[in-house]
Amino acid sequence: MRMKVEVRLKPGHFDPEGDVTAKSLRDLGFPVSTVKVGKVYILEVEVSDRKEALKLAEDMCKKLLANPVKDDYSIEVLSP
Amino acid sequence: MNANRFKALVLRTGGTNCDLETKVALEELGVKTEIVHMNSVEKKNLLEYHLIVFPGGFSYGDYVRAGAVWGKRVLAKLRTQLEKFIEEGRLILGICNGFQVLAEAGVLPGNGVSETPSIALANNSSAKYECRWVWIRVENNETPFTTAMRKGEVLRIPVGHAEGRFLTGSEEILNELKRNEQILFRYVLPNGDDANGLYPYNPNGSTYDIAGICSKKGNVMGMMPHPERAFFGWQLPEWSGRPPERGDGWKIFKSIVDYLESYR
């Protein structure tokens, strides 16, 4: 099963990378007020049950992909 | 001084680059030091060592988050041994990337190991890699890592990191760190006054100017500045003039040796 995990900073958390990117885009003339930077992981998970796959991905976020102190995450099944 | 009855283990993995300086610093003080790669660490009995150091570097390319991959790998391979090591009151020091590892592995700031980290070392607020000399103040000199210093003493030690902004999961965790006197070093102005987040004295935007903390029992310590880069006088910015014999980083290693000599 192909899945997408997106990890980004929790709302309200200071995002220096996003701020610098926004500034640079504004320098180029784009009307950008804010940018939030995150990471996307595309995973091939070797299970066929959707529910089980979601649970696995959730576990992966808790154990490695996100640090609960600063990160939020979302999980999506892309294709079976 | 006869410190050569003490053994230290400096761990390394792909991307570690401060292992050798750390070893040189420890050996200069007479501690027998071995550098061991993560791939062969399982053959070692950790309990043969008095000190484990997680040195600085960019382990696993800082992928995912700095220290995350190594931190989890440490848990997967060494958890039981490490828990025993900590419980016995043996010493663990994490420098820079090593601090990030201890945070991600949940070894700091608690006692023992917790699956979920409660602190983070986030991207510097400057959004840059910060490589500079900073001043840190000793907040607690009653730990194995700070005995050779005075409380309130200001040390000059360099940092070099992109992810060093110390964050706690909640205000409560920060208060607990203060209450338990787990905050060992805070970034300050050169005269020792609070930096209050002022850049570049607080180089990364750390909460409460925190540069280094220890566990509740005090035998595990993590810090962002690099004491091994301020060990000899010739490593200091005034190296070409008349540098002192030793830099301030020496005091951290000396504290460790003094502690081992008096309690082991």
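**Rings in chain B**

Guide: Let's start with a charge over a ring: the charged end of R156(B) sits over the ring of W133(B), 5.4 Å from the ring's centre. Keep in mind that this is a predicted model. There's another arrangement of this kind at R246(B), which lies over the face of W250(B), with 4.1 Å to the ring centre.

How many of the residues of α5(B) are buried? It's 11 of the 15, so the helix is largely enclosed by the rest of the structure. W250(B) is among the buried ones, and so are G249(B), K251(B), I252(B) and F253(B). Further along, the buried set also takes in K254(B), S255(B), I256(B), V257(B), Y259(B) and L260(B).

Now for the ring pairs one by one. Over all chains, the structure holds 7 aromatic pairs. One of them is F54(B) with W70(B), an edge-to-face pair at 5.4 Å centre to centre, with 70° between the planes. F54(B) comes from strand β3 (residues 51–54) and W70(B) from helix α2 (residues 68–87), so this pair ties together parts of chain B that are 16 residues apart in sequence. Both partners are hidden away: F54(B) is buried, at a relative accessible area of 1%, and W70(B) counts as buried too, at 0%.

Then look at F58(B) and Y129(B). Their ring centres are 6.3 Å apart and their planes meet at 35°, so this pair is tilted. F58(B) sits in the loop between β3 and α2, while Y129(B) sits in the loop between β5 (119–123) and β6 (130–138), so here the parts of chain B being tied together are 71 residues apart in sequence. As for cover, F58(B) counts as partly exposed at 35% relative accessibility, and Y129(B) is partly exposed as well, with a relative accessible area of 40%.

Note on methods: Residues numbered from 1 in each chain as written. Chains lettered and ligands numbered in written order. Predicted model: local features only at pLDDT ≥ 70, side-chain atom pairs only at ≥ 80, totals over all residues. Heavy atoms only, no water. Phe/Tyr/Trp six-rings, centres within 6.5 Å; stacked < 30°, edge-to-face > 60°. Helix = DSSP H or I, 4+ residues; strand = E, 2+ residues; numbered from the N terminus. Buried < 20%, exposed > 50% of the residue type's maximum accessible area, 1.4 Å probe, protein only. Lys NZ or Arg CZ within 6 Å of the ring centre and 35° of its normal.
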